[in-house]
Amino acid sequence: MPRIVITIPVKAEVLRRIEALSDAQVIVTEPGGDVAEPLPRELIADADILVCKLPPTNHADMQSLKFVQISSVGFTQLTALQLPQRGARACNARGVYDTAIAEWTVAMLVN
């Protein structure tokens, strides 16, 4: 059973859909801020999937980690994790903010 740790805000409907996966255990923690912090070892040690803005500072404790999904477009916060050497993959949120950024750009031109 994959263990999924989520450290970002999740809409209730989305969380229900994730929890409906019969073969997954979902753990949702308080959303992290703009600074990476450690998470309790007992919470992350067996985590297979991490959904976060910033990975925890004690990411090395995640011995079962297979996949990281970050909620930002950049990925520099992942380079120090050495995910390929650990056999884990990662995805960023590229394309998620395209409309908002385009609208902001037009608004700044008008301004």
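This is a short tour of a predicted model, with stops to select one after another in your viewer.

**Before you start**

Residue numbers count from 1 along each chain as its sequence is written. In this predicted model, local features need pLDDT of at least 70 and side-chain atom pairs count only at pLDDT 80 or more, while totals for chains, interfaces and linings use all residues; side-chain values use heavy atoms, with hydrogens and water left out.

**The whole chain**

Show the chain as a cartoon. Followed from the N terminus, the order of elements is β-α-β-α-β-β-α-β-α. The C-alpha trace spans about 50 × 35 × 20 Å along its principal axes.

Of the 111 residues, 31% count as buried. Here buried means under 20% relative accessible area, exposed over 50%, and partly exposed in between (1.4 Å probe, protein chains only).

The mean positions of the 10 positive and 12 negative charges are 5 Å apart. Lys and Arg count as positive and Asp and Glu as negative, without His and the chain ends, and each charge is placed at NZ of Lys, CZ of Arg, CG of Asp or CD of Glu.

**Stop one: Asp-48**

Select Asp-48, in the loop between α2 (41–44) and β3 (49–52). Its relative accessibility is 11%, so Asp-48 counts as buried. Show its side chain and look for two partners. A polar atom of the Asp-48 side chain lies 2.8 Å from the backbone nitrogen of Arg-3. The side chain of Lys-66 makes a polar contact with the side chain of Asp-48 at 2.7 Å. A polar contact is a pair of N or O atoms within 3.5 Å; within protein, one must be able to donate a hydrogen and the other to accept it, and residues adjacent in sequence count only if both atoms are side-chain atoms.

Beyond its neighbours within four places in sequence, Asp-48 is in contact with Met-1, Pro-2, Arg-3, Ser-64, Leu-65, Lys-66 and Phe-67.

**Stop two: Met-1**

From Asp-48, step across to Met-1, one of its contacts. Met-1 sits in the segment before β1 (3–6) and is exposed, with a relative accessible area of 71%. Leaving aside neighbours within four places, Met-1 also touches Asp-23, Ala-24 and Gln-25.

**Stop three: Thr-7**

Next select Thr-7, in the loop between β1 and α1 (12–19). At 9% relative accessibility, Thr-7 counts as buried. Apart from residues up to four places away in sequence, its contacts include Thr-29, Glu-30, Pro-31 and Gly-32, as well as Leu-39, Leu-50, Val-51, Cys-52 and Lys-53.

**Stop four: Ile-44**

Move to helix α2 and pick Ile-44. Its relative accessibility is 0%, so Ile-44 counts as buried. With neighbours within four places set aside, Ile-44 is in contact with Leu-39, Pro-56, Asn-58, Asp-61 and Met-62. Pro-56 is 12 residues from Ile-44 in sequence and 9.4 Å away in space, C-alpha to C-alpha.

**Stop five: Gln-82**

Select Gln-82 in the loop between β4 (67–70) and α3 (83–86). Check its backbone: phi is near 55 degrees, a positive value in a residue other than glycine. Gln-82 counts as partly exposed, at 48% relative accessibility.

**Last stop: helix α4**

Select residues 98–110. How far apart are the end C-alpha atoms of α4? They are 19 Å apart, which agrees with the 18 Å that 13 residues should span at 1.5 Å a residue; the expected span is 1.5 Å times one less than the number of residues. The number of buried residues among the 13 of α4 is zero, so the helix lies largely in the open.

Within α4, pick Ala-100, which counts as partly exposed at 44% relative accessibility. Ala-100 and Thr-7 are 93 residues apart in sequence and 23 Å apart in space, C-alpha to C-alpha.

Notes
Helices (H or I, at least four residues) and strands (E, at least two) are DSSP runs, numbered from the N terminus. Contact means heavy atoms within 4.5 Å.
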